[in-house]
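Please look over the structure first.

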Amino acid sequence: MLRMKIHYFLYMGGVSTIVVYTPTLAKQLGYSPMIVGSIFTFLSILSLMVKPLCGLIVDKFPVKRIMFLTFILLCGLTAFALKFIQKLPTETIVNLSCDTITTLNICSKNEEQIPRCSKASLSTFLQNTVKPIECQLICQQNELFWDEMCISWNITDYCTTPNHKFKNNGVAVLNVNISMVDTTDQLNKKSRFQVSSVQIKSNIISWPVCPRPAYTRCEMNCSNEIIMAMVTATKLEGSLFGLYQFWSLIIVISLFWIGQAITWSLQDPICFDLLGDKVGDFGKQRCWGSISWGIFVIFGGALVDYFSDNDFEKNYTPIFYLCLLVIVCDFIIVYKIEVTETTGSKTTLTDILMLLTKINVLVYFTWIIAMGICTSMIWNYLFWYMEDITFHYQGDMQIWIKTLQGLTIGIQCIGGEVPLFFFSGWIIKRFGHWYCMSFGLFAFSIRFFLYSIITNPLWILPVEFINGITFGLFHAVLMSYSRIIAPPSAVTTFIGLSGALTEGVGISIGGVIGGFLYEKYQGSQTFRIFSYGSFSLFILLVIFIQFFKSDDKNEEKSVICKDQSLNSPTSFKSAKCL
């Protein structure tokens with residue numbers, strides 16, 4: 001089992017940084033929360049299709065090994081290809097207004113960056129800013145504004161009549177100094193900063209004013225990264241579907257997602273085959289994946305922060321190289337693993353359909369979907385939420401936010417998942433599968449509620465120990481119960497179907513709902529809504545267990561022993577009929 005442990009360690013460590021940082025990478029590329037949620041919904045639908053299809057193929061044809069190797073390598077190549085994805089077109093438009101004072105109005109039409117314009121963030125920025133910030137403006141040829149400017153700013157030498165048009169068009173470029181006066185207007189979603197001086201060619205106008213109010217729109221370029229982060233907005237001329245940047249991202253990330261979805265579908269059944277009659281030791285193998293996931297995400301986050309030139313534009317290139325290198329090493333290890341091919345069966349689909357008539361299977365599938373919806377909020381929006389509360393309340397922590405996010409995953413995996421994976425066999429035996437299912441929903445309700453009241457991203461770290469229940473125990477129960485109730489002729493297919501319901505249905509629904517709620521109500525209120533929802537489902541599941549469910553262990557034993565009459569593998573007999 002050493003090679004299988006090494007595979008879990010290398011493969012899950014390699015893909016971890018890509019899976020974890022993809023939402024924030026998409027955010028940096030210019031995509032909104034709703035678009036990111038829709039992308040992950042599409043990816044989840046892909047998983048819904050490919051996981052059962054993969055299981056069906058390997059249950060009918062002896063191609064498990066070749067598919068396993070092929071899609072591991074595909075993950076590494078497509079992860080590296082993300083390095084070449086370009087950002088969506090952007091613009092840096094501000095309004096230059098001249099009245100009793102001259103001001104730059106920014107963020108007025110850039111709602112995606114409003115958290116960056118919060119009063120707390122700007123106050124911290126203002127306290128640390130002494131010198132005026134230099135900006136260059138390329139302004140529209142607004143006739144009324146330039147008429148007033150030529151007269152009020154006494155630059156008639158550069159203007160001609162009629163209508164004060166400009167000689168050589170040079171005066172349209174203005175060099176301005178912003179005097180940092182905190183005039184943030186949260187109600188109207190804009191921030192105004194006073195212009196302390198304007199330079200037009202060799203002329204410098206200090207504290208410019210206009211007797212008659214006038215304004216124009218300008219494209220701005222400043223020396224300060226925070227101002228540029230506030231003002232930069234995605235520029236769309238027409239539909240998003242018409243941009244090659246969008247389609248290149250969709251194609252590459254889709255291929256990566258297909259590769260990792262199929263790899264995940266195959267690696268656990270292969271591990272069970274290698275374990276033979278020691279199926280209770282599955283968690284002890286799988287925990288090495290959680291260990292590496294935590295280690296690599298921490299290391300990857302530190303690499304991103306180290307190689308980034310500023311706090312707002314992160315350099316993700318190191319994790320693309322890291323993933324490719326580790327996946328190539330994993331490919332070499334997996335090539336030497338002995339994979340047991342499955343004997344084909346003509347009754348695979350019939351056996352699966354027969355299970356769908358049982359109430360316990362339908363409730364089990366509903367639980368899988370609910371856990372997938374909750375998991376979607378963690379995977380897609382937790383890092384986004386951490387960045388938002390950092391901007392709102394802890395602006396000085398922005399410089400090491402990726403390292404903090406890496407520590408978050410490290411605690412999730414090493415502090416949470418590893419112990420639960422290691423002891424999952426004992427926990428399931430002690431409480432039964434169904435009560436372990438209810439633990440997952442209850443833990444999510446507590447976890448989401450704590451997120452909703454946190455204002456410092458550091459406090460998210462202790463909350464992440466709960467991930468041991470919401471993912472570690474969840475995954476162990478999913479694999480164990482799926483293997484128990486699956487027909488002997490369709491074990492890989494049924495496990496693939498269970499995984500597909502998690503990602504293809506649960507995570508896709510969660511991506512859409514989470515994206516909509518996050519964009520409408522922001523992060524805190526969204527997590528509060530999910531907390532109430534998961535607690536309600538926990539109550540319903542407990543009611544089902546108490547009033548509609550027979551003894552968990554007796555049910556499993558009856559299903560398992562019946563499999564023996566169908567010539568199930570030895571591992572099934574010894575594990576299930578003790």
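At what angle do the axes of α11 and helix α13 cross?

## Basis of the report

This is a predicted model, with residues numbered from 1 along each chain as its sequence is written. Local features need pLDDT of at least 70, side-chain atom pairs count only at pLDDT 80 or more, totals for chains, interfaces and linings use all residues, and side-chain values use heavy atoms, with hydrogens and water left out.

## Helices α11 and α13

The axes of α11 and α13 (residues 433-453) cross at roughly 25 degrees and come within 11 Å. Axes here are lines fitted to C-alpha atoms, for helices over the stretch in contact, with angles from 0 to 180 degrees between N-to-C directions. That angle makes α11 roughly parallel to α13 (roughly parallel means under 35 degrees). Helices are DSSP runs of H or I, at least four residues, numbered from the N terminus.

The crossing is left-handed (the near helix is turned anticlockwise from the far one by less than a right angle). Contact means heavy atoms within 4.5 Å. From α11 the contact includes Trp367, Met371 and Ile378; from α13 it includes Met437, Leu441 and Phe444. By class, this contact has 16 nonpolar, 4 polar and 1 charged residues. Ala, Val, Leu, Ile, Met, Phe, Trp, Tyr, Cys and Pro count as nonpolar, Asp, Glu, Lys and Arg as charged, and the others, Gly among them, as polar.

Helix α12 covers residues 401-431. A kink of about 60 degrees is centred on Ser424. The bend at a residue is the angle between axes fitted to the seven residues ending there and the seven starting there. Gly432 follows α12, and its phi is positive, near 90 degrees.

## Partners of α12

Helix α11 (residues 359-393) and α12 have axes that come within 11 Å and cross at roughly 140 degrees. The contact divides into 7 nonpolar, 4 polar and 2 charged residues.

Helix α1 (residues 2-28) also passes α12 in a right-handed crossing. Val20, Tyr21 and Thr24 of α1 meet Lys402, Gln405, Gly406 and Ile409 of α12. Those residues divide into 3 nonpolar, 3 polar and 1 charged.

How values were computed
Helix = DSSP H or I, 4+ residues; strand = E, 2+ residues; numbered from the N terminus. Expected span 1.5 Å × (residues − 1). Parallel < 35°, antiparallel > 145°, perpendicular 65-115°, else oblique.
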